[in-house]
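Here is a walk through one protein model. Start at a single residue, then step back to the whole fold.

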Amino acid sequence: MSKQNSFEIKAEERQSWGSITMVWIGAMICVPALMIGGMIGAGLPLFESALAIIIGYVLVCVFMSFMGMHACDTGLPTAVMAGSALGEKGAKYIISTILAISCIGWFGIQAAVCGSSFSSMIAGMTGLNIPVWLSSVVWGIIMLLTACFRFSGLKWLNRIAVPLLGAVLAYALIYNIVSGNGAALVGYQPAAPIGFVTGISLTVGSFVVAAAISGDYCRFAKSRKDVVKSSVLGVLPAGLVVLMLGAILAICTGSYDISVFLSTAGLPLIGLVALILATWTTNVSNAYSGGLSLSVLLGQDEKKSQMTTAIAGIIGTILAAVGILNSIQGFLSLLSAIVPALMGVLIADYWIIGQGKVENFKIRDGFYAPGVIAFIIGALVACMTGGTFATIPFLSFLNLPFFIGPINGIVVSLIAYVLIEKAAAKKA
């Protein structure tokens, strides 16, 4: 059996679109999303915040749907699908490495955030001081065990986490408005305004990496229609609600910290549970996708992905425990700018060159130059126009802000791939 066939999803493994929708809703309800919502709310009036969020997630859903339908047609995860546009070795050594490092890194960051908040809130409620490293390890292991149950475990977790977390956040919102904190919303004008396009860019950046790896989950869908329904209904409504909740609660409480505005609502214990669940649902996805990418990188098949998921989670947990992730968050931000260019290359290869027909899809041997070159061009444009180079002193001269960096990268890599492919076809 080929490695490609070992990753393909069989008919009996397909899931309902509702199950996949719940996975995306669970991924949307996370601490970073609430914090990003707070940043947008602090910089834009509420109506403009909502409009920026809607536009941002519509853009994400469009690209995500194309990636998801591709995965549904082939039954393959993103790291394997990329073998068509980048070549088998290109996907294995370039994309799998980037996705694995990104997912493992974010797993570590989320475990560290959860551990730190857990120790802090337990100390506030009981006076018991639990070392942050110990909390990070314990919660990292718990999240990892859930991820090792693969898709069924993720679906089970979200069915519990999403309704509970939604109810807690709704209560916090109502409490803040009724208690008088809601007065801050009347005629609200941001003290430090940001541009409308910046608000869209923050929204896109909050989920664009997840959109790039959406094939890992959408390959379980039964049809293209189910992919679109699960992507749109799983991302857009939940994303708008969560980011706007973050914006409103940040304005009411003056803080972006979920533990703060849940504690101010008189919910320290339930707030702690909500914080853990918010981190948990996101981190299971990080470990699962990191494990799949690591499987491809190490030349393993789907049957070994539970082992590589465990490896990914263990590495992330160790990084969280030793506290070194704070120094590499800038590097992870760089990955978030680079990854989206992958979507442009894959979409161009399957939907434009391959005309969206699964019979035209094939994994190419070695490194496929047109895809690798187009990916590099798109990633470079995303970094230059999205502000990534602004944080790197010796590359700051390459910072040329324009529109939305990740979207620029997707569009440029797509166009570059088509042009290079057509030029190569003429020479052949």
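Beyond its neighbours within four places in sequence, serine 49 is in contact with Ile40, Gly41, Leu44 and Met244. The model is predicted. Serine 49 sits in helix α4, which covers residues 46–74. Is serine 49 buried or exposed? Its relative accessibility is 0%, so serine 49 counts as buried. The cut-off for that label is under 20% relative accessible area.

Now widen the view. Of the 428 residues in the protein, 55% count as buried. The secondary structure is made of 18 helices and zero strands.

What links the chain to itself? Take the contacts between residues at least 6 apart in sequence: 86% of them join residues at least 24 apart.

Next, the overall dimensions. The C-alpha trace spans about 70 × 45 × 45 Å along its principal axes. For 428 residues, a compact globule would have a radius of gyration near 22 Å. The protein has 21 Å, which agrees with that expectation.

Finally, the surface and the charges. The accessible surface of the protein amounts to about 17,100 Å². Carbon and sulfur atoms account for 70% of that area. The protein carries 21 positive and 15 negative charges.

Note on methods. Residues numbered from 1 in each chain as written. Predicted model: local features only at pLDDT ≥ 70, side-chain atom pairs only at ≥ 80, totals over all residues. Heavy atoms only, no water. Helix = DSSP H or I, 4+ residues; strand = E, 2+ residues; numbered from the N terminus. Rg over C-alpha atoms; globule rule 2.2 N^0.38 Å. Buried < 20%, exposed > 50% of the residue type's maximum accessible area, 1.4 Å probe, protein only. Contact = heavy atoms within 4.5 Å. Areas by Shrake-Rupley, 256 points an atom, 1.4 Å probe, with all protein chains shown as cover. Lys, Arg positive; Asp, Glu negative; His and termini not counted. Charge placed at Lys NZ, Arg CZ, Asp CG, Glu CD.
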